[in-house]
Each structure stands twice: as C-alpha cells, then as structure tokens.
Amino acid sequence: MRITVIGLGYLGVTHAACMAELGFEVLGLDSDAERVAMLSAGSLPFYEPGLSELVSTHTATGRLRFTTSYADIAEFGAAASDGVVHFLCVGTPQQAHSEDADLSSLFSAVERLTPHLVGRCVVVGKSTVPVGTAADVVELLAAHAPAGADPELIWNPEFLREGNAVRDTLRPDRIVFGVRERPGREPESEGLRLLRRVYAEVIAAGVPVVVTDYATAELVKVSANAFLSTKISFLNAVAEVCEVTGADVKQLAEALAHDRRIGGGYLSPGIGFGGGCLPKDLRAFAATAEKLGLESLGFLRSIDAINLATRRRAVSLTVEACGGDVADKRIAVWGAAFKPDSDDIRDSPALWIAAALHDVGATVVVYDPQAMDKARKAHPQLSYADSATDAAVGAHAIVHLTEWDEFRHVSPRALSEVVHARNIVDGRNVLDARDWCAHGWTYRALGRPVVS
Ligand code: UGA
C-alpha cells in the first residue's frame, strides 16, 4: 500500500513522516518549491521535537519523498499493488476579512488531485473544517474524477499538538473515521478497511476507534478545540476573581484537577491560549453556529473575549510591577513561541503581550530558544537578545511568557546581579516562587497574591 500526503505544514509533514515510520512508501506534495526542496534534503522547515530525525531517516532510505507535482502522484499511485490512500492535510486558516475558515487551499487541492486518481482509491480529509465540508468534497471528487477512477472519501480529523506531534500521531487518544455510508454497516466499505490497515499498528496499541458520519467527524474536531479553549478561559476568568479576593488560582486549579470528572488537562492558569488552531477554530465554530441560526454557542464569543482580556491583564500586571509606568523602562520577555517545544509564533500570547508593552513605551527585549527568527521578522520593533540572561540585563522586570524548560532552570541568584530591579512576572505559573523570593525578587502571577 502507498500513501500520499497533500499539504506539508506541521500536520502534513508529521503525518507523512509517521506514515513512513509505520513502514509505508510515502509521497508528500506541497506547492511551495522551497519547502519541498528542504524536506527532500532531509531538513525541517520548522522546529518540532523528534520529527527532524524521522524526516532525515526516511528521506535517506527513499521511503519518504516529496514533490510539487500532482502528475507525480498519478505515477506513484500507479506503482502501488495494494491500494493508495491520499491524505489531505492542507491548512484552513481564518479568512483575512471574516471569521470563517478559508477553504480555498483544500478545494484547490481536491480539484488538482482528482484528475490524477486511478481506480478504487481512498481520499482522507485530515484538515480542520466547518461541518458540511466533507459533503462538498464528495461532490468535487465526483465532478472531477477521470473515467475509471472511483474515489471514496473518509473524514479522519487530526488531534495532534505542536510540540508533541510525533507522539500524538503514533499514539493518539482516539481515531475518528467519518464515512459516507451509515456507520456500523457490514461489511465495512473497502476504503474504511484500507484505512484501518494504515493505522493497524496504532489501533493494535489500544487506541480507540470511533466510526461515524461525516458531519459528526467534522464536529468532533472543532468541539474538542472549543472545549479545550473553554477550560483554559474558564480558569483564567476564575483567576480574576482570585486576584480580587486574595485567593490563589494555582492551588484552586490543583484542587479542581483532583476531581476526575474535571481532570487536570488544560487547567494551567496563565496568559491564555494562542497558536494557529484554538483561537481560529473557536471563532470559526461560533460563526458556523450563528450561520445555522443557533444561539447556543454564543458563549464561545465570551471564551475568546476572556482570552484576549487575560493578555491585557498580563500587560497591566507588568506595568504594575514596574511601578505603574513602563515608559523608557527595559522589560525582558522570556518566550516568543505560542507554546514551548515549538517555534510557531502564530497568534502567540507572548508576542502579543511583548508588542503591547512596547506600545505603552517600554523597551522590550525578547529571548526564545527556537522562535527568534520568526519573531524578529514579525516584530522588528522589539529588541532581541541571545539568552535569557542577556535579555534580563538592566531590566526593570522579567516577564516569563512561554514555559520552556530552560527558563525553569535559570538561577534567580545569578540574575539578581544583572537586572535593574528584581521583578518577575510569571505568565505561566510554573516558576518556583519561593526560590525567586529567597533571592530578593518580587514574584507576580495572574490570579495569585504578590509574594516577595
Ligand atoms: C491544539 C489541540 O490541542 C490539538 O488537539 C489540535 O489537533 C490542534 O490544536 C489543532 O487543531 O491542530 P496546539 O495548538 O498545537 O493543539 O497546542 P496546545 O498544546 O493545545 O496549546 C494551545 C494553546 O493553549 C497554547 O498557547 C498553550 O500555551 C495554551 N494552554 C494550554 C493554556 O494556556 N493552558 C493550558 O492549560 C493548556
């Protein structure tokens, strides 16, 4: 069996490399020639732990190849003796002038792929899409399929997290298959049987499989992201109540997490969520519900608003740490990526806060272990340093915004010697407050009492 992967972003590259790791011959396609050249040479166009090794290993053996040409897909598929599975992994970003998902890359990929399909084959949608998209893709496949081709569409949403992408792909919490025929129908369609074979090793490891219809499969993905966003914003809203009442949101979250019905995941209080997925999926889901004339998901607008308000509160807390005015004061920002173990800065809360501090007059010096190049390009108005300590030289406050491991290990004692004032604002609630205070620092975090 052979596999193609269309769209080589975080999702596509990870999926292609993991499919090669599972033993399949894989051809990845992207319209970006520079990206394809880089990947063909065995290097990654972004940072993701463990992925670089997989890409270099499997490009070296030839099991994993990349192209910009849809014609290569036909040739690659024709050589498969045991079926071809085409995975659609293109991005569905927020549209420039609306909150809807931009499906143009997805539809264009389907239109360009379909004429190259041969015989019975499976097309698998992995991109995050609004409900109803799979039905549109089925129509496109039917309209563009050449004579003799009989493509079957299965919707198989992806739940991987950046920073954990390889693990999440090879050992996901669940696999969802959205199928055209009534789920549970016996015998299962040929396409579904083929897809079960693709994931055989993953399923054999005990990963649960849910077979459902297209609409449910599409909705599982956006509901999961909306639910995670809701958990985060819920706690960050409670953090505000903690601040006013003198309570401690970190201890509160710990106590909530012991309740197995609630669970501890996505319950870390801090500066809120960002990245290329949660914020845009939340807005797109709210917009979908509104278009359907439903008011019941109106609260998702509040989740988004709380998230942005949380970023503003982090700015205010930093200004307060600097005595109420940051004009011409130096502020060290630790972190630029939207989360650790990633160099992705899309909708990064860290850079949002850094830019806002700059806008109110501070001299902001940023350091991130992986995202410096991307941050520099996106925010040339900010200053950058080569290490966490260099960023802190002469600072009136250090603001910790992306919880990279290395920031946990910086010595507050050594830093005391280089800063202008010993103020630490912990936007992620993971630093050891007692250790910092023991070295004369004032420790601030959202939703917790100030300690010094
Ligand atoms: C998210 C989902 O977790 C994945 O399941 C999904 O596949 C992916 O979106 C997607 O739709 O492609 P990702 O955006 O890579 O994954 O990263 P997360 O680890 O979920 O973090 C998202 C944001 O939430 C980060 O800014 C993180 O710092 C923040 N977060 C997370 C919190 O503020 N608090 C928490 O307790 C957890």
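**Reading a helix and a site**

Modeller: Gladly. The buried residues of H4 pack against strands S1 (2–6), S2 (25–29), S4 (84–88) and S5 (120–125), and against helix H5 (104–113). Helices (H or I, at least four residues) and strands (E, at least two) are DSSP runs, numbered from the N terminus. This is a predicted model: local features need pLDDT of at least 70, side-chain atom pairs count only at pLDDT 80 or more, and totals for chains, interfaces and linings use all residues. Residues are numbered from 1 along each chain as its sequence is written.

Colleague: Which residues of helix H4 are buried?

Modeller: A residue is buried if 20 or more other C-beta atoms, placed from the backbone, lie within 10 Å of its own, exposed if 12 or fewer, and partly exposed in between. In H4 (residues 70–78), the buried ones are Ile-73, Phe-76 and Gly-77. They lie on the same side of H4 because they cover an arc of only 95° around the axis, taken from the directions from the helix axis to the C-beta atoms. Exposed Ala-71 and Ala-78 are on the face turned away from that buried side.

Colleague: Where does UniProt place the feature "active site"?

Modeller: The unreviewed entry puts it at Cys-277; UniProt annotations may be inferred rather than shown by experiment, and positions follow the numbering used here, with feature names shortened. Cys-277 sits in the loop between helices H11 (249–257) and H12 (278–291).

Colleague: Is Cys-277 buried or exposed?

Modeller: Cys-277 counts as buried because it has 25 C-beta neighbours inside 10 Å. Leaving aside neighbours within four places in sequence, Cys-277 is in contact (C-beta atoms, placed from the backbone, within 7 Å) with Thr-128 and Asn-225.

How values were computed
Contact = placed C-beta atoms within 7 Å.
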